[in-house]
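Visitor: Could you walk me through this structure, starting with the whole and then going into the details?

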Amino acid sequence: MVDINLSKKYGILLSGGLDSAVLLYTLISAHPTIDIQPFTIPNRTGAALYVNPIIDHFNNKFNLSIPHTIFAGNPELYHAYQSRSEIGRAHV
């Protein structure tokens, strides 16, 4: 079990794939009032195009208002370095 402080805002990295969608579903099912800001690293596969529709689906299903994703990271870098390229930049 993960301790969640509902007075904080949490960033979640969503890829547009099943694994991150299940992670988001699990998180909001357990803590429907959690304040979430999704982030996505766009890549060449186009999976990031599915992130906002996934968020919209959960917003409708659970009557939430999770904001659309913030695209972050440099998709031109090797995948292990993409998220690191965003460290230190403030988005929220």
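**A guided look**

Guide: Of the 92 residues in the protein, buried residues make up 29%, where buried means under 20% relative accessible area, exposed means over 50% and partly exposed lies in between, with a 1.4 Å probe and protein chains only. This is a predicted model, in which local features need pLDDT of at least 70 and side-chain atom pairs count only at pLDDT 80 or more, while totals for chains, interfaces and linings use all residues. Residues are numbered from 1 along each chain as its sequence is written, and side-chain values use heavy atoms, with hydrogens and water left out.

Visitor: How many helices and strands does the protein have?

Guide: The secondary structure comes to three helices and three strands, and along the sequence they follow the pattern β-α-β-α-β-α. Helices (H or I, at least four residues) and strands (E, at least two) are DSSP runs, numbered from the N terminus.

Visitor: In what order do the strands sit in the sheet?

Guide: The three strands form an open sheet in the order β1-β2-β3, with parallel pairing; two strands pair if DSSP finds at least two bridges between them. β1 (9–13) and β3 (70–71) stand at the edges with a single partner strand each, so one side of each is left without a neighbour in the sheet.

Visitor: And how many bridges join β2 to β3?

Guide: Two bridges join these strands, β2 and β3, which run parallel, and Thr40 stands opposite Phe71 in β3.

Visitor: Let's switch to α2. What is its reach from first C-alpha to last?

Guide: Helix α2 has 12 residues and reaches 17 Å between those two atoms, close to the 16 Å expected at 1.5 Å a residue; the expected span is 1.5 Å times one less than the number of residues in the helix.

Visitor: Which residues of α2 are buried?

Guide: Val51, Asn52, Ile55, Phe58 and Asn59 are the buried ones in α2. Seen down the axis of α2, its buried residues fall within an arc of 125 degrees, so they line one face of the helix; the arc is that of the directions from the helix axis to the C-beta atoms. On the other side of α2, Asn60 and Lys61 are exposed.

Visitor: What do the buried residues of α2 pack against?

Guide: They pack against α1 and β2 (35–40), where contact means heavy atoms within 4.5 Å.

Visitor: How many aromatic pairs does the structure hold?

Guide: The structure holds three aromatic pairs. Rings of Phe, Tyr and Trp (its six-membered ring) pair if their centres lie within 6.5 Å, and planes under 30 degrees apart count as stacked, over 60 as edge-to-face and the rest as tilted. The rings of Tyr25 and Phe62 have their centres 5.7 Å apart and their planes at 50 degrees, so this pair is tilted. The pair links distant parts of the chain, with Tyr25 in helix α1 (residues 18–30) and Phe62 in helix α2 (residues 51–62), 37 residues apart.

Visitor: What about Phe58 and Phe62?

Guide: Phe58 and Phe62 form a tilted aromatic pair, at 6.2 Å centre to centre and with 40 degrees between the planes. Both lie in helix α2, four residues apart, about one turn of the helix. Tyr25, Phe58 and Phe62 form one aromatic cluster.

Visitor: Is Phe58 buried or exposed?

Guide: Phe58 is buried, with a relative accessible area of 8%, whereas Tyr25 is partly exposed at 38% and Phe62 is partly exposed at 27%.

Visitor: Which residue lies over the face of Phe62?

Guide: Lys61 lies there, at 5.9 Å from the ring centre; a charge sits over a ring if NZ of Lys or CZ of Arg is within 6 Å of the ring centre and within 35 degrees of the ring normal.

Visitor: Now the loops. Where is Ala48?

Guide: Ala48 is in the loop between β2 and α2, and at 7% relative accessibility it counts as buried. Not counting residues up to four places away in sequence, Ala48 touches Ser15, Thr40, Ile41, Pro42 and Phe71. Ala48 and Gly16 are 32 residues apart in sequence and 5.0 Å apart in space, C-alpha to C-alpha.

Visitor: And where is Gly16 found?

Guide: Gly16 is found in the loop between β1 and α1, and at 15% relative accessibility Gly16 counts as buried. Leaving aside neighbours within four places in sequence, Gly16 is in contact with Ala47, Tyr50, Val51 and Ile54.
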